[in-house]
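Here is a quick briefing to read with the structure open beside you. Take a moment to look it over, then follow the points below.

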Amino acid sequence: MNRTAEIKRKTNETEIEISLNLDGKGCTDCKTGVGFLDHMLDHLGKHSLCDMTVRAKGDLQVDAHHTVEDVAICLGEALEKALGNKKGIRRYGNARVPMDEALADVSVDLSGRAAIVWNVSFLSDKIGEMDTQLIQEFISRFANVAKMNLHVNVPYGSNDHHIAEAIFKALAQALRQAKSIDPDRTDEIPSTKGTL
């Protein structure tokens, strides 16, 4: 089974190209023009064992919003496409990841239905040059377009960089579980409906 996807998107605000391999080694090459986003995408690929190449050009003279949002949209499209009919996947994943003083708990259901629960508080407006509110924007767009249930909880943390990094690492670990093939169900859709 070839679980890969390539997505291209061009608007008046951004130009995005993404390639994704769900059965990779965690190799990433991400260049979006937003340094902190590249750093988070590297964690997402590395810890989910997905190979990922991301190229983005956006209207960064305005701010990073359009670039972050459109990368999330394209990555969500790539994940949904690469999963195909989802035959054999485990479907569910959960991870609790500490990053120094911060802890993130992320649960995923690759259900084909979009829902997000977000219980996260940041202490400042920016991490580097990226607005902290764009972390939620990215996660929400990614979940909606990939049609997944995604619950993100950060019970504590005092450093915004650590909080964001814990979220992306936990998301990666949860996706690693959810996308993996269950050897007991390789020819089965993991739903009583028979479809996801």
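This is a predicted model: local features need pLDDT of at least 70, side-chain atom pairs count only at pLDDT 80 or more; totals for chains, interfaces and linings use all residues.

Helices and strands here are DSSP runs, numbered from the N terminus.

- Four strands make up an open sheet with mixed pairing, in the order E1-E2-E4-E3.
- Strands E1 (4–10) and E3 (28–31) are at the edges with a single partner strand each, so one side of each has no neighbour in the sheet.
- From one strand to the next, the twist averages 5°.
- E1 and strand E2 (residues 14–21) run antiparallel and are joined by seven bridges.
- Ala-5, for instance, has Leu-20 in E2 as its bridge partner.
- Helix H1 (residues 35–48) packs on the sheet, where it touches E3 and strand E4 (51–58). The direction of H1 makes about 160° with that of E3.

**Helix H2**
- Of the 19 residues of H2, 15 are buried, so the helix is largely enclosed by the rest of the structure.

**The H3 and H4 pair**
- Helix H3 (residues 133–146) and helix H4 (residues 160–179) have axes that come within 11 Å and cross at roughly 15°.
- That angle makes H3 roughly parallel to H4, and the crossing is left-handed.
- Which residues meet where H3 faces H4? From H3 come Ile-135, Phe-138, Ile-139 and Phe-142, and from H4 come Ala-164, Ile-167, Phe-168, Leu-171 and Leu-175.

Methods:
Residues are numbered from 1 along each chain as its sequence is written. Side-chain values use heavy atoms; hydrogens and water are left out. Two strands pair if DSSP finds at least two bridges between them. Helices (H or I, at least four residues) and strands (E, at least two) are DSSP runs, numbered from the N terminus. Axes are lines fitted to C-alpha atoms, for helices over the stretch in contact, and angles run from 0 to 180 degrees between N-to-C directions. Contact means heavy atoms within 4.5 Å. Buried means under 20% relative accessible area, exposed over 50%, partly exposed in between (1.4 Å probe, protein chains only). Angles under 35 degrees count as roughly parallel, over 145 as roughly antiparallel, 65 to 115 as roughly perpendicular and the rest as oblique. A crossing is left-handed if the near helix is turned anticlockwise from the far one by less than a right angle, and right-handed if clockwise.
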